[in-house]
Amino acid sequence: MTDKHMADQPKNIVELATFYIGDALCGMDILKVQEINKLMQMTKVPQAPDYVLGILNLRGQIVTILDLGRKLGLGETDISQDPRNIIVNSSGGHVGLLVRRISDVVSADMKKRERAPANMSGIQGEYFTGVYKTDDNLIGILDVDKVLSIED
Amino acid sequence: MEIEDDEILQGFIEESLEHLADIENDLLAIEEAGANIDEDLVNKVFRAAHSIKGGAGFMGLTAIQGLSHSTENVLGMIRSKKLIPTPEIVNVLLMASDQLQRMIEDVHNSNDVDISSHINPLDAIADGTFSQPPMEPEQKNTVQAKPKVTVKPEAVEPVFEEPEETEEEYIEEPETDEDEETEPEPEPEVTRTQNPVPEPVAPVQPPAVNVPATAAKQAPPAKTETSLRVHVSLLDSLMNLAGELVLSRNQLLQTIGSDDLRNAEAVGQRIDLITSELQEAIMLTRMQPIGNVFNKFPRVVRDLAKKLNKTIDLTIVGKDVELDKTIIESINDPLTHLVRNSVDHGIEMPADRKKIGKPENGLVILKAYHEAGQVVIEISDDGKGLDGEALAASAVNKGLITAEQAQAMSDKEKVNLIFLPGFSTAAAVTDVSGRGVGMDVVKTNLDQLGGNVDIISEKGNGTTISIKLPLTLAIIPCQIIETGGERYAIPQVNLEELLRIPANQVKDRVERVGDAEVVRLRGTLLPLIRLSDVIGADRTYYDYNEQDVKEDRREQIADRRGRNSPLFNDKHSGNNHRNQSPDRPRSVIDRRSSASSALNIVVVSTGAMKYGLIVDRLQDSEEIVIKPLGRHLQQCKGYAGATIMGDGRIALILDVSNLARMAHLTSIDGSDRAAEVAKAAEDAINAKKDKQSLLIFKNSREEHFGVPLNQVERIEKIKRSDIEDLGGRRIMKYRGGSLSLICVDDVAMVAPLADDENLLVIVFNIAKRPVGLLAIGPIDALEVTADIDDTTLSQPGIMGSIIIDNNTTMLINVFEMVQNLFPQWFEHQEKFDLSQIEETGPPPTVLIAEDSKFFRNQVKNYMTEVGYNVIEAEDGLEGWNQLEEHADEISLLVTDIEMPNMNGFELTQRIRKNERYKNLPIIALTTLASAEDVERGKAVGVNEYHIKLDKERLMVSVHDYIKRRY
């Protein structure tokens, strides 16, 4: 479902799960989140792209963990700082997105969403479908499909 | 067309397809029976057609109804024996049933299909106006033209919808026929399967021009069925087990609440049992008889044989063998391909067969059976077989291998060239050998299934292709290994053996050829790959003492451990650190000698080739469940998937054929390397000229001694107290008898044996008796060049001296020592009596050709000792000249192999070719009698081989030949 599609809906309040990638506060539709985990024991996958941290066993499902920091060009997420895994169910199976810290759930009116800047705290604008301003913050709304895409 | 009730429609489709599957084989049986109409069979087909007609009418599928009605009419006439089912009539019926199948598979568009091309001939048959067999290609073609236009655009590719057309053109374009199978495929299927094509050619490309065989071969896997028939009893038992599981769960919850450990254990066992049973039962639901695939082959073979004007019998064995559904589905295309190959290229034309005395009817056998937990499918034909030489020549022409590589290949490897990507395009191969349409794709497909393909072919006598498949893909036994601190699983089907090379043997058994490392394994050379290098994991080793994984520090030891050898250059490794290390030759040979540096090698095979995978540690073998990797890891070609281990962690499953590819190792490389190694070994032998293996030991602390290693039987460690002094002789108990012990200082003027508590006994066998030489360590075995000084230190018991590591080492002549100490041992030995010969003339003369003065003198001494005359030659050429000069005197030649100017082989060859000397006995002496050398020697005409300095054997055979001579 694209955001454009949502914007056409009469009621367009979306709950955003927000989290920090580096210093950027990002958000995604909470309905896309299956669960949020602490970092569990992972198996390294030699040969994998550098943003793939490893794979782990989530109740019998093999989940690929992506370091969002790396994937979005901010550098490695510090594992010692108790990062979290956001497990999303993407088309190619379960994927875990490692983020620095989880923040609040924010109800956002998609009508008030604005175009993403070319760069937001070091993350390229192309990864966002837009930004949403709250009273004290700017939330970049992640384009999850884009983030999960595999560039060649 | 809108059809209201999807469920009923789905039911109709499934039922009809089942009917149609039966109809096909039944029609073939009817054709076979000809005028001998089997009423039951016809009835069955009739009823099937009738059911389809009825269902279609109910659903409003008029086209299907119409066609099945016409079919039914014809069948009705056959049933009432108004019509005799000629092949032509059956053909029309078969095509009608094909058309029915196509329409039913695309039910929503079926009413728009023009079926007149089928109905007309059917009605003509029914009317009795069917005279000219409509099978004539021309006629077919024109009739077919219409439906092409009318088929809805959704259909994949209308051109392919017409099997008749492709059939007719089959001879020119064998591959188009393949597409017949693909035609019902919805579009996405086609594109998907395109990916693995090595030379991608869109399958929808019109078949008019050279469609490379690979494209056709690419036929998408059979359409995946979404539903499955399972026996109700099986479902019942599943239901039962599920119920049990729920009960056990309740029990478990209870026991957890009550803290009752013993009960918990019992519940645990129960759950364990139920889970296993459940798993088994579920696996059973997925098992399907391979007959589902085999059943279509009678038709395929019949049609193709007809087209090619061949007569071919197809025998099918083992229809009941069951395989996992996914395998059944994916095996379809490779099998079709192989069967078609057999029919098209394997079986000769009837006339040709007759000429070479084969029955006119070709035979293709399709066979499935269980073997060692796997299913084997064999496709064999009695056709012309594969010509390895022609295949190799063709591969060379195509630039796939070099002529040298081809030469180094075994016959089997040559036949397996057919699997090389890019090897086969129909035309090119047909010219040469007549085989090999897209076989590489067959192999790729089967590899994906975890299967193995093997070809056994004898030129002129047919080909057997055997495919080994796992019973199921879901659960596979695997060997678990560890590298870089992570566990990996290697499927047992790929596993040949596990090999551990102790640290102290690594040096001897692992060799380097070019950039590759190989290990000697029972006489063959096995290429080695280090797993950590290929996948780019950290190089580690497992420390058995500390039970821990440690980083392999060897790369920091500057001299030999550069990581960047071309073999291990791996573009997939994203880790850049590897590229920083200097490009230095690396080698497994290293300096560490602890148990941890032993090499653990998993010998894996990928069908045609075998290689060794070096891993840190070997663990258990386990049954694992394969889970797919996420799409972010699809680019990691080295893995076939992942699995969850007992401790909840994940292990990656290795794909051994891709690993080989990543390491740039192909079987071609393998043989290439083997050839190089063979050459290197030959060079080494040449360089080894007059090398002598010596066992080095000491008698006193100061003096070093050596003895030819090949004379040593064994070495024992003893205590001084083990020695008994009896009757002035030293003996010890040894293997149930007593062993006479001697010391170097008993005979030679050397320092006495050191007064050590721990002694060594070097056991020799002299005059058929064991004798022990007392010595002290350290002992060592080494190879030295034979720069032996036989004058300076020569004395009784010492034959000469040699400088090893700056120590003058005296070489012991054990034979002489024993002769000195126990002369009585030799009394009973058969002595060669020269007196008779001497009466008739001078003593026999032996020619000795040997470039090393030391050995020449030794051998000369042996000879003169017993009274022979000796003529010496310093090399082969001189030996030849001496022979020419003293031809009449010389009775025997004793020659070294490695000599300058002319070596022993050449000398022998020259002698054997010369009428004058060809009967001269020749004894060859070598330092190391390798089997190859012996073979070669025998081939050129050497009578016997002896190891240098093995005086006894040499003399026995010299006597023997001399005796025969007189």
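Among contacts in chain B between residues at least 6 apart in sequence, what percentage join residues at least 24 apart? The share is 66%, where a contact means that two C-beta atoms, placed from the backbone, lie within 7 Å. The model is predicted: local features need pLDDT of at least 70, side-chain atom pairs count only at pLDDT 80 or more, and totals for chains, interfaces and linings use all residues. Residues are numbered from 1 along each chain as its sequence is written, and chains are lettered from A and ligands numbered from 1 in the order in which they are written.

Chain B holds 33 helices and 35 strands. These are DSSP runs numbered from the N terminus (helices H or I, at least four residues; strands E, at least two). Of the 966 residues in chain B, 40% are buried, with 20 or more other C-beta atoms within 10 Å of their own.

In chain B, the axes of helix 1 (residues 6-33) and helix 14 (residues 297-307) come within 9 Å and cross at roughly 50°. Axes are lines fitted to C-alpha atoms over the stretch in contact, and angles run from 0 to 180 degrees between N-to-C directions. Helix 1 of chain B contributes B:Glu24, B:Asn25 and B:Leu28 to the contact, and helix 14 of chain B contributes B:Pro298, B:Arg299 and B:Arg302.

Between the chains, 21 residues of chain A are in contact with 22 residues of chain B. Strand 4 of chain A gives the largest share of the chain A side, four residues.

Conventions
A residue is buried if 20 or more other C-beta atoms lie within 10 Å of its own, exposed if 12 or fewer, and partly exposed in between; C-beta atoms are placed from the backbone.
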